[in-house]
Amino acid sequence: MKKILPTSTAGSLPKPSWLAEPEALWSPWKLYNEELKNGKQDALRLSLQEQQQAGIDIVSDGEQTRQHFVTTFIENLNGVDFENRQTVKIRDRYDASVPTVVGPVSRQKSVFVEDAKFLRQQTQQLIKWALPGPMTMVDTLCDNYYKNREKLAWEFAKILNQEAKELEAAGVDIIQFDEPAFNVFFDEVNDWGMACLERAIEGLECETAVHICYGYGIKANTDWKKTLGSEWRQYEDVFPKLQKSNIDIISLECHNSHVPMELLELIRGKKVMVGAIDVANHSIETPEAVADTLRKALQFVDADKLYPCTNCGMAPLSRNVARGKLNALSAGADIIRKELLANA
Ligand SMILES: [Zn+2]
């Protein structure tokens, strides 16, 4: 019988301190050349093992081979000058040093496919691979060439589709597109964001997911959240469109957030990765707190479509905290599994 409530994470997990400075975003690598290549693979193995020891069902690479979930992908494309970095405001919220688009963008070679093959060799479990979404990509760079977000997003969508098809062929079970920008630019989601996401998944036979969150637990995000009021209804805008889309799974933030749980009703019928771990908080959830969030979500998500998950990536947390949170996620899901089986 298929296990109910399979657990997974939104994506990133902390890197070992010998590979990159811990508890930081865009942390520079500490190794170079061949040592860096081997170090990334070792970190991927460790990250996988930590997920396995915590009992996570759908595992990932923990994003150990990338410096950042968006810019690493962009930097590997033609038409991008990654040495000429510019500081731009991303998601209308915080300054970041990003690569510059200087010509037509294209993919000269696969970006993550070798890493995905390596992960596939290590485990028989279901694996999920995260890619940035087209809209979040155009929002995380400086464009000196297209000067049009929609046009550039469409080019990225085609490139992402090529990469996704190769990831699928490498044995990835779920391909996830990270689109935190969907929570900010509602008009653009309507005008072209959803169409670009559909273009990115065109022709894929594996499952597809989109992750939409309120961001990593960094200060710019927590300050922004303070301005959102007591009820966060951002999802209300995009959920009806996602419900009608071809995306199979929607990954979102629930635990400790001010998202009204009843908004999940708007995506009824989709599989939902319910964020039951707060990544903006260093205290480790109790299994009962995780179970409580899942129990609430079950009012709006059918049990066979509920995937317990984290609110977002855990890259900026310490390894100890992240490990504790993974264990809590598993234990909390287990409480609900037992309740469901007892009532079956
Ligand atoms: Zn996220």
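This is a predicted model: local features need pLDDT of at least 70, side-chain atom pairs count only at pLDDT 80 or more; totals for chains, interfaces and linings use all residues.
User: How do the residues of the contact of α9 with α10 divide?
Analyst: Ala, Val, Leu, Ile, Met, Phe, Trp, Tyr, Cys and Pro count as nonpolar, Asp, Glu, Lys and Arg as charged, and the others, Gly among them, as polar. The α9 side includes Glu288 and Arg295, and the α10 side includes Gly332. The division is ten nonpolar, one polar and two charged.

User: At what angle do α9 and α10 pack?
Analyst: Helices (H or I, at least four residues) and strands (E, at least two) are DSSP runs, numbered from the N terminus. Axes are lines fitted to C-alpha atoms, for helices over the stretch in contact, and angles run from 0 to 180 degrees between N-to-C directions. For α9 (residues 287-297) and α10 (residues 319-343), the axes are 7 Å apart and the angle is about 55°.

User: Which term describes α9 relative to α10?
Analyst: The helices pack at about 55°. Angles under 35 degrees count as roughly parallel, over 145 as roughly antiparallel, 65 to 115 as roughly perpendicular and the rest as oblique. So α9 is, relative to α10, oblique.

User: Is the crossing of α9 and α10 left-handed or right-handed?
Analyst: A crossing is left-handed if the near helix is turned anticlockwise from the far one by less than a right angle, and right-handed if clockwise. For α9 and α10, the crossing is right-handed.

User: How far apart are the axes of α1 and α3?
Analyst: Helix α1 covers residues 33-53 and helix α3 covers residues 113-122. They pack at about 45°, so α1 is oblique to α3. The crossing is right-handed. Their axes are separated by 11 Å.

User: Which residues of α3 make the contact with α1?
Analyst: From α1 come Gln41, Leu44, Arg45 and Leu48. By class, this contact has four nonpolar, two polar and two charged residues. The α3 side supplies Asp115, Phe118, Leu119 and Gln122.

User: Are α5 and α6 roughly parallel or roughly antiparallel?
Analyst: Helix α6 spans residues 186-201, and its axis lies 7 Å from that of α5. The angle is about 20°. The two helices are therefore roughly parallel.

User: How many charged residues are in the contact of α5 with α6?
Analyst: The crossing is right-handed. Among the α5 residues in the contact are Arg149, Glu150 and Lys158, and α6 gives Glu188 and Arg199 among others. The contact also has nine nonpolar residues and one polar. Its charged residues number five.

User: Is Val172 buried or exposed?
Analyst: Val172 sits in the loop between α5 and β6 (174-178). Beyond four places in sequence, Val172 touches Ala116, Ile127, Trp129, Leu167 and Cys206. A residue is buried if 20 or more other C-beta atoms, placed from the backbone, lie within 10 Å of its own, exposed if 12 or fewer, and partly exposed in between. Val172 has 25 within 10 Å, so Val172 is buried.

User: How far apart are the C-alpha atoms of Gln86 and Thr100?
Analyst: Gln86 lies in strand β2 (residues 78-90). Beyond four places in sequence, Gln86 contacts Val98, Thr100 and Cys142. Thr100 is 14 residues away along the chain, and the C-alpha separation is 6.8 Å.

User: What is the phi of Asn256?
Analyst: Most residues other than glycine have a negative phi. Asn256, in the loop between β8 (249-253) and β9 (271-275), has a positive one. With 17 C-beta neighbours inside 10 Å, Asn256 counts as partly exposed. Its phi is near 65°.

Notes. Residues are numbered from 1 along each chain as its sequence is written. Two residues are in contact if their C-beta atoms, placed from the backbone, lie within 7 Å.
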